[in-house]
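Take a look at the spaces in this protein, and at one part of its surface.

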Amino acid sequence: MPQHLPIQPLTKIAFAPFGDVIEADPATVRLINNGTTERFHRLGTVETEGEGAIISLFRGQPRQFPYAIDMMERHPFGSQSFTALSGRPFLVAVAEDVGSRPGEPKIFLARGDQGVNYRRNVWHHPLMVIGSPSDFLVVDRDRPENNLEEFFYDTPYLISEPIP
């Protein structure tokens, strides 16, 4: 029998074990370009083994709810960040590593002005868009080594439709 998972708001404190929340944090602001630009500095750290960090645009299609999480993935050689460009909320699923397997997923609702940076080797679910197709700026690693490990749960976890 699938287990239903609660959805919690995405906050820096709750997400800290898995990576960084990318959002305009007034504590990090620096004025640059003769005071005409606010730079929200060092909101996340790109992790790569060797060279090869790239920037891509992903266009995610909305999921149908209730949605079954039956797999998780991780990237052993580099971090991966997703920053919403469409201004729409999206879901983030992460799990602690338990004996080289993902544990029970934690589900976060990210606002349309937030992004996430999954640390290297953090179990997470692929992009989960809500409602309408949405664009994301993605920073990750592009090297010939396989940077993807997948795990499939015996029993899926269910997520109800979030209320943004």
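## The largest pocket

In this predicted model, the largest pocket is lined by Ile22, Leu43, Gly44, Thr45, Val46, Ser81, Thr83, Asn117, Leu137 and Val139. Two elements give two or more residues to this lining: β8 and β14 (134-141). The space in the largest pocket is about 170 Å³.

What classes of residue make up the lining of the largest pocket? Five are nonpolar and five are polar. No charged residues take part.

## The largest cavity

The structure has one cavity of 30 Å³ or more. The largest cavity has a volume of about 50 Å³.

Its lining includes Phe82, Phe90, Leu91, Val92 and Ala93. Val116, Tyr118, His124, His125, Pro126, Leu127 and Met128 also line the largest cavity. Which element gives the largest share of this lining? That is β9, with four residues. Both β9 and β11 (115-118) supply at least two residues.

By class, the lining of the largest cavity has ten nonpolar residues and two polar ones. Charged residues are absent here.

Ile55, Leu57, Leu85 and Leu137 make a nonpolar surface patch. The patch covers about 400 Å².

Where does Leu85 lie? Leu85 is in the loop between β8 (80-84) and β9 (90-95). Leu137 belongs to the patch, and Leu137 also lines the largest pocket.

Technical notes:
Residues are numbered from 1 along each chain as its sequence is written. This is a predicted model: local features need pLDDT of at least 70, side-chain atom pairs count only at pLDDT 80 or more; totals for chains, interfaces and linings use all residues. Side-chain values use heavy atoms; hydrogens and water are left out. Patches are made of residues with over 30% relative accessible area and no salt bridge: like charges are joined within 9 Å, nonpolar side chains (Val, Leu, Ile, Met, Phe, Trp, Tyr) within 5 Å. Accessible areas come from the Shrake-Rupley method with a 1.4 Å probe; for residues, only the protein chains shown count as cover. A salt bridge is a side-chain nitrogen of Lys or Arg within 4 Å of a carboxyl oxygen of Asp or Glu. On a 1 Å grid over the protein atoms alone, a cavity is a set of points where a 1.4 Å probe fits but cannot get out, and a pocket is an open set with protein on both sides within 12 Å along at least five of seven lines; lining residues have an atom within 4 Å of a point. Grid points are joined across faces, edges and corners, and a volume is the space filled by probe spheres set on the points. Ala, Val, Leu, Ile, Met, Phe, Trp, Tyr, Cys and Pro count as nonpolar, Asp, Glu, Lys and Arg as charged, and the others, Gly among them, as polar.
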